[in-house]
Amino acid sequence: MENLRYDIRWSDSLDEKFITDYLQLQNEVFHCGTRDRFDVQFINNIYGNSILVVVYLDDEPVAARALWRNDINGQESYQPGSTCVKAVCRGKGIFTEMTKKAVSELPSGVIIYSYPNYNSFPGYMKMG
């Protein structure tokens with residue numbers, strides 16, 4: 001898709017617009033997502049910073065995802081989650097591109113683990 005912009009940030013570099021856009025997408029797609037929960041998970045995370053992505057189509061937020069810092073046994077670890085793509089943009093490779101771009105920001109040697117659901121499983125299978 002043309003006119004897509006991927007805004008990828010560590011959680012210590014977020015501004016209010018980014019957070020508002022992220023939560024708007026969570027609420028529109030999943031009907032959940034509160035600022036309190038967001039702050040606990042990403043801003044005040046006991047393990048450190050997470051990576052979040054908001055994708056814009058012509059400056060309108062259309063997709064979001066996070067790689068949540070959630071260490072395992074003292075090993076730096078990230079759990080993909082809270083991934084949403086508006087219906088009008090599904091099937092266009094945005095899920096895959098968001099994932100690849102976010103993962104490329106991680107340091108080497110970290111653990112990435114996930115519990116895919118029926119929506120995300122096909123996207124993960126395509127990525128191998």
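How many disulfides does the structure hold? The structure holds zero disulfides, a disulfide being a pair of cysteine sulfur atoms within 2.5 Å. Cys32 is in no disulfide, and the nearest cysteine sulfur, that of Cys84, is 8.7 Å away. This separation is too far for a bond. Cys32 counts as partly exposed because its relative accessibility is 31%, whereas Cys84 is buried at a relative accessible area of 2%; buried means under 20% relative accessible area, exposed over 50%, and partly exposed in between, with a 1.4 Å probe and protein chains only.

The model is predicted: local features need pLDDT of at least 70, side-chain atom pairs count only at pLDDT 80 or more, and totals for chains, interfaces and linings use all residues. Residues are numbered from 1 along each chain as its sequence is written, and side-chain values use heavy atoms, with hydrogens and water left out.

The protein chain has four helices and five strands, taken as DSSP runs numbered from the N terminus (helices H or I, at least four residues; strands E, at least two). From the N terminus on, the order of elements is β-α-α-β-β-β-α-β-α. Of the 128 residues in the protein chain, 42% are buried. Among contacts (heavy atoms within 4.5 Å) with a separation of 6 or more, 64% involve residues 24 or more positions apart. The accessible surface of the protein chain comes to about 7,200 Å², and carbon and sulfur atoms account for 50% of it; areas come from the Shrake-Rupley method with a 1.4 Å probe, and for residues only the protein chains shown count as cover.

The largest nonpolar core has 15 residues. A nonpolar core is a set of buried Ala, Val, Leu, Ile, Met, Phe, Trp, Tyr and Cys residues joined through side-chain atoms within 4.5 Å. Val55, Ala63, Ile94 and Met98 touch the most other members of the largest core. Two or more residues of this core come from each of strand E2 (51-57), strand E3 (60-69), E4 and helix H3 (94-104), and E2 gives the largest share, four residues. Apart from this core lies another, of 14 residues, among them Leu14, Tyr22, Phe38 and Leu52. Beyond its neighbours within four places in sequence, Met98 is in contact with Tyr6, Val53, Val55, Ala63, Ala64, Arg65, Thr83, Cys84 and Val85.

Four aromatic pairs are present. Rings of Phe, Tyr and Trp (its six-membered ring) pair if their centres lie within 6.5 Å; planes under 30 degrees apart count as stacked, over 60 as edge-to-face and the rest as tilted. Trp10 and Tyr78 form an edge-to-face pair, at 6.3 Å centre to centre and 70° between the planes. This pair links strand E1 (residues 4-10), which holds Trp10, to strand E4 (residues 77-85), which holds Tyr78, 68 residues apart. Trp10 is partly exposed at 26% relative accessibility, while Tyr78 is buried at 1%. The rings of Tyr22 and Phe42 are also paired edge-to-face, because their centres are 6.1 Å apart and their planes stand at 80°. Tyr22 lies in helix H1 (residues 16-30) and Phe42 in helix H2 (residues 35-43), so the pair ties together parts 20 residues apart in sequence.
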